[in-house]
Amino acid sequence: MKILLQNQYDDLLGGVETYFKLLKDVLIENGHEVIAVYTQSGKKNNIQKNGYKAFYLPNLDLTENIYYQGTRQRNIKEDLYFLKSIVLNEKPDIIHLNNTYYPRQYTFLNKYAPVIQTVHDFFNCCNTLIKILPDSVCDNSFGADCFKNKCISPTSVIELWRFKTKCLNREAMKKFERILVTTSYMKKMLVCNGFLEDKIQVIPLFVEDWGINTNKDEHIIIYVGRFTKEKGVIHFIHMLKALSSNFKAFIIGDGPQRNECENLVNIIGLNNKVTFTGFLNRDEIKDYFAKASIIVVPSLWPEPFCLVGIEAMSCSKPVVAYNVGGISSWLRDNYNGYLVRRGDIPGLVHSVETLLKNRRLTEDMGENGRKLFEEKFSKKAHFRNLLSAYESVVISREARKREIVNVKFPIIDRYKKQRSKACANKALKDYPGRSPNESLPEYNKRLIMFEIKNNISVVKSYPEEITISTTIRCNMEPPCVICERNLRTKDLEYDIDANALEKIKPIFKYADRIYLHCGGEPLMTDKVFDVIESVSPPTKIIFNTNGALFTEKTIKYMVDCNVVDVISFSLDAATEKTYKRIRSADFNKIINNIKILIGYRNEKNKDKPLLRPLILMNFCIFKQNVMEVPDYVLLAHKLGADGVDFSHLNDGFDWKQKRDDYVFDYKTESVLNMENIEEHDRLISKAYELSKKYNVPINFNGNPFISKIDNDKEKIKNEISELIKHKKICIAPWNRVVIDADGRVRICYFHHSGYETIGKPKSINSSPYYLQSESFKEIWNGEDAVLVRKEFIRKGIAKRCVTENPCIFQNRI
């Protein structure tokens, strides 16, 4: 069986991580194939580990504050689509979720494989996560009682958002094939929260068998856990103070109460008897358990399970614990230890004292615990129960599929078949042919318009606009303050895969234009020249650069090759001083490169009616450079550039970068955060006046103004806004494509999820687990591409469109 396992961390941080590692190992040992997905271990290389494949999708379990602010929605979409691609490529028999904050993110996977979840905690059934009221354990369901008990403040926006999110997550979990819990207590808790009892299965966790260890000499008492109020470590220390027997105690762990605990031990005079070990790994804990006489679990919160207890049982050690949560599922009072009423420190003292004074009783209870461990909590027992659950879910799902498939509606099926055949025949019959003197790009454009007009989703045409990211490397160090490279490190940067490039070259001849930008500086790799060499007129190259890597040889090549139609320089500043606050190259050298390029271009084309390539200058407007908007038009005029492209800084990102004289904070740099937004609009109007005076055309991607629009602003907007000026209606699913450097194919730059890849990508986000395709045509008429076209036919927009950001290529609906 092939199993996809999800967990937040790949490190051994606590009980769930310990269980997850052991679960992987036992599945692999028994001949099953494992794919592990980690959702909170940061961005690491996806690799083949010891017997299993590991993937890292760090945006699926973001902290509540980040998720609430919505700053990483793009990253969430990318990781969700990557997860879908993994599932489609690997085809697991079952998907087993473990720790996740947002289970509703995974419900869409139900259509590809059965999804089950092991519930290890109260994250989606308690706003405080620990199910504790001021004087007792909370037995209420998640809902109105949370407000009555003041666990949720009705005036706190974040707490209300958290409550809503948890309610949605809980409803999503109910759609999973099965919910696994570790104890009967957890099952009761979920039933109380509206889950169907027959969908919940109790499967106790297991731990590594540490073997039988018997302490022969000292009285050693051990506590293992976080130093937090709910774990009861303070109770443990007060218990030690009241013991009359001689003992040594080891407190293993760390946490926010560490200093308080150490001070308390010092105050009550137990320094010579108590040792704080700090955080230890499982092997180190094992050594301490081998020496122990008793393990104490003084938890005040209702522990869902508590692995420490069965680790003690595997070593034949008795356990004394408060009777809370699921602890009684493995700790039988007077059999393998003692259950004590919650908060009863004298009861802890009496139980521990009893064991310390009666060695035979301690050994008998330890032996009983060992028997119970072998019977219910061993690797073998857990694997048997879990595999039974897996097989039951898979068989049940297959049976439901057969029931659905076997339902026949002959008349409807026959009608659909005939109608589909008639529509296909009509479309094929009417498809336009190529005229004798018509170029391939012109004919391709006619095909595109025919397919759009006839609502055709499986197409014969190819995109007329191709955007290629030849690299995501850049010469700017540190990165430009507004660049997404601030979200990654240099070791995660690469050039486009050669195989991917070869597979897209055959479609170049159909394109009207090919953009070389998107993700990095094109001149960082020779592959940019490979693309240019593969293009012939009338197809045109539009080249975007920061200009720092231009040489005399490059300049002559760009002009002489006869296919580069536009070279667009991104400076974002009109002066060297401002440039240094934004970018990391030599401003004066770039200005000189532009001068040389324009001079050579003009000389080379002096006898031609059109000067090519056109030289444009880009300027992304934000608070640091807004005052130089008019000066940028003057700079373009002085250099002899053919036009200026303006745009605003997009919302939705969150990073900071320290520069020499300030700290750039992306979240606050939008011009919408200016104290005087009217000043912004005045600067735009002044730039427009200068463009008219010096005949420097300007273009604005989106709306140029951010304050109230009057008649004068409306006139300027209608003239310079690209969306209005060119009356663009989005037809991207038919005429546009983006090829990322990792080989992913996107219909549009504003679709932040790739839907298939070509070649053999290097990206950590796809290598090689997006669907592989032998040709671009296979991708262009693949399931996802056709689905997007169908969405556009119905609604004029697709789900994957990033509608929260300004998009110049589509009408809003």
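Let's start with Asp642. Asp642 is partly exposed, at 23% relative accessible area. This is a predicted model, so keep that in mind throughout. Asp642 meets Arg601 side chain to side chain in a salt bridge, 2.8 Å from N to O. The pair links distant parts of the chain, 41 residues apart. Asp642 sits in the loop between helix H21, 629–639, and strand E22, 643–648. Arg601 belongs to helix H20, residues 587–604. And Arg601 is buried, at 1% relative accessibility.

Next, a network. Shared partners join several salt bridges into one network: Glu464, Glu465, Asp512, Arg513, Lys540 and Arg736. Over the whole structure, the search finds 44 salt bridges.

Two further pairs. Take Asp364 and Arg360. Their side chains form a salt bridge at 3.4 Å, N to O. Both residues lie in helix H12, residues 359–376. They are 4 residues apart, about one turn of the helix. Asp364 is partly exposed at 26%, whereas Arg360 is exposed at 52%.

Now Asp254 and Arg258. In this salt bridge the closest N and O atoms are 3.6 Å apart. Asp254 is partly exposed, with 38% relative accessibility. Arg258 counts as buried because its relative accessibility is 18%, and the cut-off for buried is under 20%.

On to the cysteines. How many disulfides does the structure hold? The count is 0. Look at Cys126. The closest cysteine sulfur to its own is in Cys151, 6.3 Å away. That is too far for a bond, because a disulfide needs the two sulfur atoms within 2.5 Å. Cys126 is buried as well, at 8% relative accessibility.

Then Ser568. Where does Ser568 lie? Its place is strand E20, residues 564–570. Ser568 is buried, with a relative accessible area of 7%. Its side chain makes a polar contact with the side chain of Asn618, at 2.8 Å. Leaving aside residues up to four places away in sequence, Ser568 touches Phe543, Asn544, Thr545, Leu616 and Asn618.

Last, the chain as a whole. It has 813 residues, and buried ones make up 56% of them. There are 27 helices and 29 strands. Consider contacts between residues at least 6 apart in sequence: 68% of these join residues at least 24 apart. The accessible surface comes to about 36,300 Å². Carbon and sulfur atoms account for 51% of that surface.

Definitions and conventions: Residues are numbered from 1 along each chain as its sequence is written. This is a predicted model: local features need pLDDT of at least 70, side-chain atom pairs count only at pLDDT 80 or more; totals for chains, interfaces and linings use all residues. Side-chain values use heavy atoms; hydrogens and water are left out. Helices (H or I, at least four residues) and strands (E, at least two) are DSSP runs, numbered from the N terminus. Buried means under 20% relative accessible area, exposed over 50%, partly exposed in between (1.4 Å probe, protein chains only). A polar contact is a pair of N or O atoms within 3.5 Å; within protein, one must be able to donate a hydrogen and the other to accept it, and residues adjacent in sequence count only if both atoms are side-chain atoms. Contact means heavy atoms within 4.5 Å. Accessible areas come from the Shrake-Rupley method with a 1.4 Å probe; for residues, only the protein chains shown count as cover. A salt bridge is a side-chain nitrogen of Lys or Arg within 4 Å of a carboxyl oxygen of Asp or Glu.
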